[in-house]
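Here is a short report on a protein and its ligand. Take a look at the model first, and then we can walk through it together.

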Amino acid sequence: MEPVKVGLLGLGTVGGGTVEVLTSNAAEIARRAGRGIEIAFAAAREYRPESINGLDRIGRIGDDAFAVVEDPEIEIVIELIGGYSPARELVLKAIENGKHVVTANKALIAKHGNEIFAAARERGVVVGFEAAVAGGIPIIKALREGLAANHIEWIAGIINGTGNFILTEMRDKGRDFADVLAEAQALGYAEADPTFDVEGIDAAHKLTIMGSLAFGIPLQFERCFTEGISKIGAMDVVYAAELGYRIKHLGIARRSETGIELRVHPTLVPERRLLANVDGVMNAVLVKGDAVGPTLYYGAGAGALPTASAVVADLVDVVRSLTTDPNNRVPHLGFQPDALADTPVLRIEEVETAYYLRIFALDQPGVMARIASILGEQGISIEAIKQKEPGEGETYVTMVMLTHRVLEGRMNEAIARIEALDSVQEPVMRIRMETLSG
Ligand code: HSE
């Protein structure tokens, strides 16, 4: 049988990795797919030929991505350009032309996935996006197919390698935030705009996608609460450790009685949890299903070959499905499109969680009691309190508290009242806390 002709958009880190994997594992991939896969046409504005193994196996290379999606010979388009535009236009054009699409573009799927999937359904083509979440970890496949028997209860994931690398280096080596970020950029992990990593936007893209796959709701990136790691101080990392916790930047999606939580923020996690011990640039996703219980998926969340592994797995899936009835394929979000639910995504004020609070207050009798009574009046129960020794001659002292679970709206009111006290200096530092018990 003739090899399937594929068009490749982008020859950067992931594009180069995809060429390498398709070349070096060609025979094994053909045994799995049932046909060979040939990159007949690639487009890239800039690339480094010397860093791509297998470049000579590409049929043609040009610089016009639209020429690839218009080429009648191409059956599958791999989009590895990233960003919203022109990726959206290219993918929609490829679909309009009856081509299947494989993409690693989490921003595109999180923001425009509903439109793209509708267009793909209409045209009877597949859009694969395994590489969009957690790089090489097959979490999309797990949520969409492997866990299809379950009512998914919650997901908690370390889904940004750069952020995890920064937090790990801060904890282990006391390194400076900016210095670690520069290293992550040099290693090729960070996004083109590193604020996407540091401010949680990249993780929010990925969580949005996982939330839809888990709960069968349309993609709603704009409803995902997003807080980054840039405000975490070295002292918070130390205080959390003294209390038996690690600070991890988590994406959490949970089904509650009132709706669905979609939130990305730094989180205190008990240090004995596996997730708390996922370090460096590695990713991990913990999924709790009602039948299966907790399951954990761990691996490289970025990098050329791990991400290419996910891209090529999608390609194999698409090749296998070329001859199947479009109506009988696995739905893009794992649920039949007409069965998606309109369950509301909750505002962060409606979410219930526990908290770590760091308060800088005057060291005099009654201050701690006043703070504790404000928390009590708001119905917030304290789990632990630590007061740090003030330095010689210092009049202010740092207090660290852990609370039981409470609605964020109530905690906001309590924090506003504490910050209004004359005896409290500086804004209160609040970090959400999860036990992640199965
Ligand atoms: N910037 C991302 C990360 C790359 O650091 O995880 C993979 O999406």
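## Contacts with the ligand

How far from an oxygen atom of the ligand does a backbone N or O atom of G161 lie? The distance is 2.7 Å, a polar contact in the sense of a pair of N or O atoms within 3.5 Å. Side chains take part too: an N or O atom of T162 is 2.6 Å from a ligand oxygen, and one of K206 is 2.8 Å from a ligand oxygen. The protein covers 91% of the 260 Å² of accessible area that the ligand has on its own (Shrake-Rupley method, 1.4 Å probe).

## The shell

Around the ligand are K106, N160, G161, T162, Y189, A190, E191, D197, D202, K206, G301 and A302, counted as near if a heavy atom lies within 4 Å. This shell has five charged, four polar and three nonpolar residues, with Gly classed as polar and Tyr and Ala as nonpolar. Helices α7 (161–173) and α10 (201–215) each supply at least two residues of the shell.

## The whole chain

The chain has 14 helices and 17 strands (DSSP runs of H or I, at least four residues, and of E, at least two). Its radius of gyration is 24 Å, close to the 22 Å from the globule rule for 438 residues, so the chain is as compact as a globular protein of that length (C-alpha atoms; the rule is 2.2 Å times the number of residues to the power 0.38).

## About the model

This is a predicted model, where local features need pLDDT of at least 70 and side-chain atom pairs count only at pLDDT 80 or more, while totals for chains, interfaces and linings use all residues. Residues are numbered from 1 along each chain as its sequence is written, and side-chain values use heavy atoms, leaving out hydrogens and water.

Note on methods: Polar contact = N/O pair within 3.5 Å; in protein donor to acceptor, adjacent residues only side chain to side chain.
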